[in-house]
Structure formats: structure tokens, C-alpha cells
Amino acid sequence: MTRYEQAKEIYAKYGVDTESALKRLANIPVSVHCWQGDDVIGFDGSDSLSGGIQTTGNYPGRARTPEELFSDIKRAFAIMPGKKRINVHACYALLGADKGKVDRDAYEYKHFKPWVDLAKECGMDGVDFNPTFFAHPMMKDGLSLSSPDEETRAFWIRHGKACLKIAAEMGKEMNSPCMVNIWIPDGYKDIPADRLSPRLRLKAALDEILDGYDKEWVIPAVESKVFGIGLESYTVGSNEFYQNYASQAGICCLLDTGHYHPTEVVSDKLPALLAFYDKVALHVSRPVRWDSDHVIILDDELKELAKEIIRNDADEKTLIGLDYFDASINRLCAWVTGVRSMQKALLNALLLPNAELKTLQNQNDFTKIMYLNEKFKCMPMGDVWEEYLRRQNLSDDWWDEVESFESEVIANRK
């Protein structure tokens with residue numbers, strides 16, 4: 001009897017079907033962010049970040065060209081289990097002869113077609129997209145869609161509308177709706193004299209961007225944040241603003257696990273939104289004291305987040321995307337570690353006696369809930385995980401691939 005077969009029998013004693021768990025896990029897509037591979041620099045002319053965000057670390061081997069980034073993505077995806085999507089920012093446009101002639105407000109699908117081709121080549125489940133409202137000269141005084149300057153605001157409205165058109169083509173090509181996440185860094189370093197007017201301008205700008213978008217192939221989302229570096233006192237796109245806006249506009253609300261106060265947890269916010277929204281989107285990162293975008297690991301909060309997705313049967317209602325950019329470690333290792341951690345958290349949730357735990361809660365039997373929760377911490381989930389990998393011709397011994405990447409790729413990127 002194999003270790004998996006033994007684990008299967010152990011879980012069965014508690015009413016947990018490991019085969020059902022493996023099948024369900026294999027069908028939950030995770031959208032993998034392209035920007036881990038090059039530290040969020042992109043290809044349309046920026047050489048550094050702005051807008052209250054930054055990447056820390058100077059590990060060698062950052063992808064510097066589309067060819068390098070595509071190659072790194074293929075290599076990383078080859079050792080990532082499960083169903084995957086690719087998440088692209090607009091600053092990753094492949095402009096070719098248009099570089100220097102076409103700005104972000106005039107980007108077209110042709111500038112992103114190579115990303116769709118890559119997704120098809122790698123057998124991805126779909127492509128997701130993000131307008132890039134940062135690291136650009138038209139960010140005037142740290143403001144984009146909320147700017148009091150009409151020319152600035154109009155530029156970014158055109159950019160948002162262009163991105164929705166591009167996303168519609170991506171969705172059609174992949175035969176899977178494209179999630180378009182709108183995040184802007186707009187805010188002020190010091191205490192503002194007017195908190196309402198910027199939000200009214202943002203609301204009007206979003207209304208204009210969303211007017212007439214393709215509802216069949218595009219899933220728009222808005223993403224809040226507490227603060228950014230240099231924008232500590234006021235953020236236009238706050239949590240309250242975007243949750244109300246999304247509800248009114250009938251679009252998706254995106255929760256970034258690093259965009260809240262350190263004492264807040266997204267695992268509690270997710271079920272609150274599931275009570276009202278048809279779909280909720282996630283950007284999963286690991287905040288360390290602030291929105292530090294550390295690589296996600298199998299920690300307690302990631303497990304709790306996954307539990308809320310699984311025990312509420314929200315697999316199809318929750319759009320899972322990763323969003324971290326650690327430049328202090330091997331970037332391929334960062335990519336793969338994050339994806340595998342997300343999938344381990346989902347598997348952990350799938351291997352819990354969720355129905356029994358809910359019944360016990362309704363009976364107010366928190367004694368047995370605590371007993372079972374502690375019992376399952378030492379159950380043989382690792383053996384089920386190994387079986388999950390085996391069925392996809394993968395294993396948990398992938399360190400040799402990291403070392404090969406170091407010697408074959410990183411060593412040659414000076």
C-alpha cells in the first residue's frame with residue numbers, strides 16, 4: 001500500500017474524500033503575475049517604479065527583454081502544478097516599431113497578442129489584464145483618474161478604455177473572460193483639505209471607462225489600498241469607496257491581501273463580500289508589517305483564506321490571482337513557491353471535514369471544533385500533495401531546476 005493509499009484511508013475515517021479533493025483542486029485556476037520576473041519594470045519605457053510602490057532587493061538575473069521574460073515564464077510554469085492563467089500589466093506592451101510613437105492611451109490588442117500566444121503555447125486557462133496607472137510622466141502630482149487637471153484625467157480615461165477593449169480580445173482569443181483589475185495609486189502625502197472632490201472625479205472617470213465594455217468577455221474589478229510610500233495620509237481609492245462603487249456599478253471588488261491595516265485579515269473580508277457579490281477577486285501576497293509583497297508561503301492567513309474559498313463552495317466565484325514581487329531572491333523560485341503555496345493552502349482546505357465543522361458551529365460545539373482543527377493539523381496532507389504532483393508528472397523535489405536556472409540563465413545576465 002502506498003503512502004497516498006494509507007492517507008486516503010485515514011481521511012476517509014473522517015468523511016473526507018481525497019479523490020474528490022484532488023479533482024477539485026486540479027480545476028481551480030490561479031492567475032500568475034508576469035511582473036515577478038522583472039521587478040514590475042515592463043517594456044514600455046519605464047526604468048523604475050513610482051506611485052507609492054517599490055521593489056526591494058537586487059538579486060541578479062532580472063528579465064530585461066520580452067524574450068527573457070517569456071523564457072523565464074515558460075520555465076517556471078513547467079514546474080507549477082494545477083490550472084494556471086497569466087496576469088499581464090499594460091506596461092508589458094510589446095510595442096515594436098510603435099515604441100516611442102504610441103502612448104498608453106492608444107495601446108491596441110496587437111501590442112499584447114504575443115502574451116496570448118504565450119498563454120496558448122503553455123496551455124494556460126486564460127489571460128488577465130491590468131491598466132498601468134503608475135510609472136509614467138502623465139502621473140501629475142501623484143494623481144491619475146482623480147486629478148483636477150482635465151488633460152491628465154482624460155489621458156488615463158483613454159488608457160482605461162483601451163485596456164478594456166484589449167481585454168475583450170484576449171477573452172475571445174482564449175475563450176475565457178479576462179479579468180481587468182483597476183488600481184490607481186492616487187493620494188496625498190499629507191493631510192488633504194478636500195477628501196471628497198478627488199473621489200467624485202474618480203467615480204466619474206470610472207463611469208466613463210466602463211461605459212459600453214464587453215460584458216461577455218471582460219470582468220472589471222477595482223482594487224483598494226490603505227496607503228503607499230509618499231501617499232501616507234490619504235488614498236482616493238479606499239476600501240469603502242471601491243466596495244460601494246463596485247456594488248453600484250455591478251462589477252467585481254478585488255481584495256489585495258497586503259492592502260489593509262496589519263490587524264485586518266482578508267480571510268474575514270472575503271465571506272463578507274461573498275454574501276453580496278456574484279464574484280470576488282483576490283490578489284494574494286504576503287504583507288510583512290505593510291504592503292511589502294513578500295512571496296506567499298503556507299502560513300496561517302493563507303490557509304484561512306483558502307478555507308473561506310473552499311468551505312463556502314466559492315471556487316468559481318473567487319478569482320484567485322497572485323501579486324508579489326520579491327527582488328531579493330531567485331525570481332523563478334519566487335514564482336513557483338507562491339503558486340505551490342496557494343495550491344497547498346487550497347488542498348489543506350479541501351481535506352478538512354468542512355460540513356461537520358459547520359454543523360458543530362450551529363450546535364455551538366466549539367470544543368469539538370477546536371479538537372478537530374488541531375487533529376487535522378497533523379493529518380498526512382503531504383502524502384496527498386505528493387500524489388497530486390505525481391499525477392501531473394511533477395514532484396516536490398524541484399530545487400535542481402532552481403540551481404540549473406542559476407547556472408544556465410542568471411550567471412549569463414550581467
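Visitor: What joins the side chains of Glu 232 and Lys 189?

Guide: The side chains of Glu 232 and Lys 189 meet in a salt bridge, at 3.8 Å from N to O; a salt bridge here is a side-chain nitrogen of Lys or Arg within 4 Å of a carboxyl oxygen of Asp or Glu. The pair links distant parts of the chain, 43 residues apart, with Glu 232 in the loop between β6 (218–223) and β7 (234–235) and Lys 189 in the loop between β5 (187–188) and α6 (196–210). Helices (H or I, at least four residues) and strands (E, at least two) are DSSP runs, numbered from the N terminus. This is a predicted model, where local features need pLDDT of at least 70 and side-chain atom pairs count only at pLDDT 80 or more, while totals for chains, interfaces and linings use all residues. Residues are numbered from 1 along each chain as its sequence is written, and side-chain values use heavy atoms, with hydrogens and water left out.

Visitor: Is Lys 189 buried or exposed?

Guide: Lys 189 counts as exposed because its relative accessibility is 55%, whereas Glu 232 is partly exposed at 39%. The cut-offs are under 20% relative accessible area for buried, over 50% for exposed, and partly exposed in between, with a 1.4 Å probe and protein chains only.

Visitor: How many salt bridges are there by this rule?

Guide: The count comes to 30 salt bridges. In general, side chains of opposite charge can pair when their charged atoms come close.

Visitor: Which residue does Lys 307 pair with, and where do the two lie?

Guide: Lys 307 forms a salt bridge with Glu 304, and their closest N and O atoms are 2.8 Å apart. Both residues lie in helix α9, 3 residues apart, which is about one turn of the helix. Lys 307 counts as buried because its relative accessibility is 14%, while Glu 304, with a relative accessible area of 29%, is partly exposed. Elsewhere, salt bridges that share partners join Glu 19, Glu 387, Arg 390 and Arg 391 into one network.

Visitor: And what is the partner of Glu 264?

Guide: Glu 264 forms a salt bridge with Lys 269, where the closest N and O atoms are 2.7 Å apart. Glu 264 is partly exposed at 35% relative accessibility, and Lys 269 is buried, with a relative accessible area of 14%.

Visitor: Let me change topic to the overall picture. How many helices and strands does the protein have?

Guide: The secondary structure comes to 14 helices and 10 strands. The radius of gyration is 22 Å, close to the 22 Å that the globule rule gives for 414 residues, so the protein is as compact as a globular protein of that length. That radius is taken over C-alpha atoms, and the globule rule is 2.2 Å times the number of residues to the power 0.38. Along the principal axes, the C-alpha atoms fill a box of roughly 70 × 55 × 40 Å, and 55% of the 414 residues count as buried.

Visitor: What stands out in the backbone at Ala 135?

Guide: Ala 135 has a positive phi of about 50°, although it is not a glycine. Most residues other than glycine have a negative phi. Ala 135 sits in the loop between β3 and α5 and is buried, at 10% relative accessibility. Arg 289 also is not a glycine and has a positive phi, of about 75°; its place is the loop between β9 (280–284) and α9 (300–311), and Arg 289 is exposed, with a relative accessible area of 78%.

Visitor: Where is Asp 141?

Guide: Asp 141 is in the loop between β3 (127–130) and α5 (150–174), and it counts as exposed because its relative accessibility is 72%.
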